[in-house]
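Let's walk through this one together, a question at a time. Have a look at the structure first.

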Amino acid sequence: MTLTIPFDNSYATLPAGFYTRLDPTPVKAPALVAFNRPLADELGIDTRDTDEADLTAIFSGNAVPEGAAPLAQLYAGHQFGGFSPQLGDGRAILLGEVIDRHGKRRDIQLKGSGPTPYSRMGDGRAWLGPVLREYVVSEAMHALGIPTTRALAAVTTGEPVFREEGGLPGAVLTRVAASHIRVGTFQVFLARRDLASLRRLFDYTRARHYPETETPAQLLRAVIARQARLIAAWEGVGFIHGVMNTDNTALSGETIDYGPCAFMDRFHPDTVFSSIDAHGRYAYSNQRNVIVWNLAQFATCLVPLHDDQDAAVEEMTRDIHAMPDLIARERRAAFGCKIGLAEAAPEDQPLIDELLALMTEGQADFTNTFRALADGDARDQVTDRAAFDAWAARWQARLETEEDPTATMRAANPWVIPRNHRIEQMIEAAVAGDLAPFERLMDALATPYEAQPAYADLTRPPTPSEVVQRTFCGT
Ligand code: AMP
Ligand code: MG
C-alpha cells in the first residue's frame with residue numbers, strides 16, 4: 001500500500017457508546033470513477049507513489065489504510081418532524097480524521113460502504129446516481145463559496161443495488177467534512193437521558209468547532225450564527241436541500257447529506273423537489289423556518305447541561321426567537337450583493353422583495369435573471385416589463401452611491417450552477433458507462449462565477465421535456 005493518509009483520530013477516543021467500530025464491507029469489482037487530487041493535497045494525503053489500484057482499493061473500502069480507526073457513528077433525529085430515537089450511520093463509515101494544510105481537523109468518511117448495526121432495513125449501500133449527484137453538487141457548492149462537505153473520491157463496486165427503479169450500479173462516495181456531528185448526535189443522548197455522554201459530546205463539539213465559546217448557551221449562539229448564514233447562502237443560489245431533518249443539520253455549519261437536493265430553475269418560493277416531501281416542509285422558502293425548529297431541538301439538548309436550567313431556558317429561548325431576524329439580515333446581505341449593494345440597509349429590503357415578486361410572477365429563471373442584472377438584460381427574463389422598468393429606475397438611482405455594483409453582482413451571481421436536468425443527464429450517461437458529462441460538469445462548475453462560453457449550454461434552463469419534477473430519495 002503506497003497511499004499514506006496522515007490520520008489523527010479523535011472521535012474514536014470518545015466513549016464506546018458513541019459509535020460502533022467496524023470495517024467497511026469489501027466489494028466485488030471496484031473501479032475508480034473520480035478522485036479529487038487538489039482536495040487530497042489539501043488534506044496532506046501523499047499520492048505521488050500511488051497508482052489507481054491503491055486508490056480504488058482504499059476508496060471502495062476493500063483495503064483499510066494504515067492509521068484508520070473505522071467506525072459507524074450513533075445519532076438520532078427528527079425526520080419530517082417525527083422523532084426517530086436511533087438512526088446512526090446505516091451505510092457510512094468514518095475512516096478517521098486528518099489535520100489539513102490549514103490546521104483544520106477533517107473527517108474522511110466512506111458512504112455506501114456496507115451495513116452497520118444502524119442499518120435498520122437498509123442494505124448499507126448507495127448507487128452511482130446519488131453518489132455522483134453529491135460529488136458534483138457538493139463540489140459546486142464549495143466553488144460557489146458556500147460551507148459544505150466535500151467529495152474526495154467516487155468508486156463503483158461492481159455489485160448491483162436494488163431500488164424502486166430496479167437493479168442499479170453500486171457505488172461508494174468518500175466524503176470529507178469538518179465533522180459529522182449533527183443535531184441528532186446530541187438528540188440520541190438526550191432521548192436516553194445519558195447526561196454524561198451529552199456533556200462529553202458538548203465538550204468535544206465546543207473544542208473542535210467553537211473553542212471561542214464556553215457555555216452551552218454560547219455554543220448554541222455560535223451554531224445559530226453559522227446556520228443563519230448558511231441558509232441565507234443557500235437561498236442566494238436557489239438551493240433546496242430537500243431533507244433538512246435534524247440528523248442532516250451539521251453543527252459545523254456545513255451543508256451535509258445531499259440527497260434529493262436541487263437548484264431552482266424558475267423562481268418560486270414554494271418550490272419543492274423531493275418526492276418524499278409531500279407537504280413542502282423543506283420547500284425553498286421554508287428552509288429558513290425549519291432551521292429555527294431544528295436548532296430549537298438542539299437547544300433542548302443543551303438545557304440539562306446548565307446548573308441553572310430556568311435561566312438557560314430563558315437565555316436560549318431568546319436566542320432562538322431572535323433567529324428569524326438574524327436570518328432576515330443575512331438574507332438582506334446576500335440578496336443585497338446580488339443586486340449590487342455591497343451593504344444593503346433595511347430600507348433596501350423592498351427593492352429586493354419587489355424583484356423577487358416580479359420574478360415569481362414571471363416564472364423567471366433564478367440564476368440567469370440575477371446574472372443578467374450586471375449585463376443589463378434582466379428585463380428579458382421577466383414578463384411584466386413595465387413593472388420591471390419601474391423597479392429598475394429606482395434600482396439604478398440606488399446604485400449611484402455604490403462604488404462598483406457590477407463587480408459586487410458578478411461576485412454574488414453565479415454564471416453557471418448544477419442544473420437538475422444536467423445532473424440527471426449526467427447520471428444517465430454515467431450509468432451507461434459515459435463519464436464525459438460528469439467531467440464536463442465538474443470543469444464548468446469549478447469556476448461558477450466566470451462566464452465560460454464553451455459551457456453556455458449548461459446555463460440554459462431545461463426545456464419542458466427536460467424538466468425534472470421530482471428528485472427521488474431512493475439513494
Ligand atoms: P439520509 O436520508 O440519507 O440522511 O439517511 C437517513 C438515515 O437512514 C441514516 O441513518 C442513514 O444511515 C440511513 N440510510 C439511508 N439509506 C440507507 C441504506 N441504503 N442502508 C442503510 N441505512 C440507510
Ligand atoms: Mg442523513
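Q: In which helix is the place of Gln287?
A: This is a predicted model, so local features are read where pLDDT is at least 70. Gln287 belongs to the helix made of residues 287–302, and that is helix H7.

Q: Does Gln287 count as buried or exposed, and why?
A: A residue counts as buried when its relative accessible area is under 20%. Gln287 has a relative accessibility of 0%, so its label is buried.

Q: Which backbone oxygen does the side chain of Gln287 reach?
A: Apart from its neighbours within four places in sequence, Gln287 is in contact with several residues, including Ile231, Trp234, Phe239 and Tyr282. At a distance of 3.0 Å, its side chain reaches the backbone oxygen of Phe239.

Q: What distance separates the C-alpha atoms of Gln287 and His241?
A: His241 is also among the contacts of Gln287. The two residues are 46 residues apart along the chain, yet their C-alpha atoms are separated by 8.2 Å.

Q: Which helix gives the most to the lining of the largest cavity?
A: The largest cavity holds about 60 Å³ of space. Among its lining residues are His241, Trp234 and Met244, and these three are also in contact with Gln287. With 3 residues, the top contributor to the lining is helix H6.

Q: How many residues of the lining of the second largest cavity are charged?
A: This cavity has about 40 Å³ of space, and its lining includes Lys338, Phe366 and Asn413. The lining divides into 4 nonpolar residues, 3 polar ones and, as charged, 1.

Methods. Residues are numbered from 1 along each chain as its sequence is written. Chains are lettered from A and ligands numbered from 1 in the order in which they are written. This is a predicted model: local features need pLDDT of at least 70, side-chain atom pairs count only at pLDDT 80 or more; totals for chains, interfaces and linings use all residues. Side-chain values use heavy atoms; hydrogens and water are left out. On a 1 Å grid over the protein atoms alone, a cavity is a set of points where a 1.4 Å probe fits but cannot get out, and a pocket is an open set with protein on both sides within 12 Å along at least five of seven lines; lining residues have an atom within 4 Å of a point. Grid points are joined across faces, edges and corners, and a volume is the space filled by probe spheres set on the points. Helices (H or I, at least four residues) and strands (E, at least two) are DSSP runs, numbered from the N terminus. Ala, Val, Leu, Ile, Met, Phe, Trp, Tyr, Cys and Pro count as nonpolar, Asp, Glu, Lys and Arg as charged, and the others, Gly among them, as polar. Buried means under 20% relative accessible area, exposed over 50%, partly exposed in between (1.4 Å probe, protein chains only). Contact means heavy atoms within 4.5 Å. A polar contact is a pair of N or O atoms within 3.5 Å; within protein, one must be able to donate a hydrogen and the other to accept it, and residues adjacent in sequence count only if both atoms are side-chain atoms.
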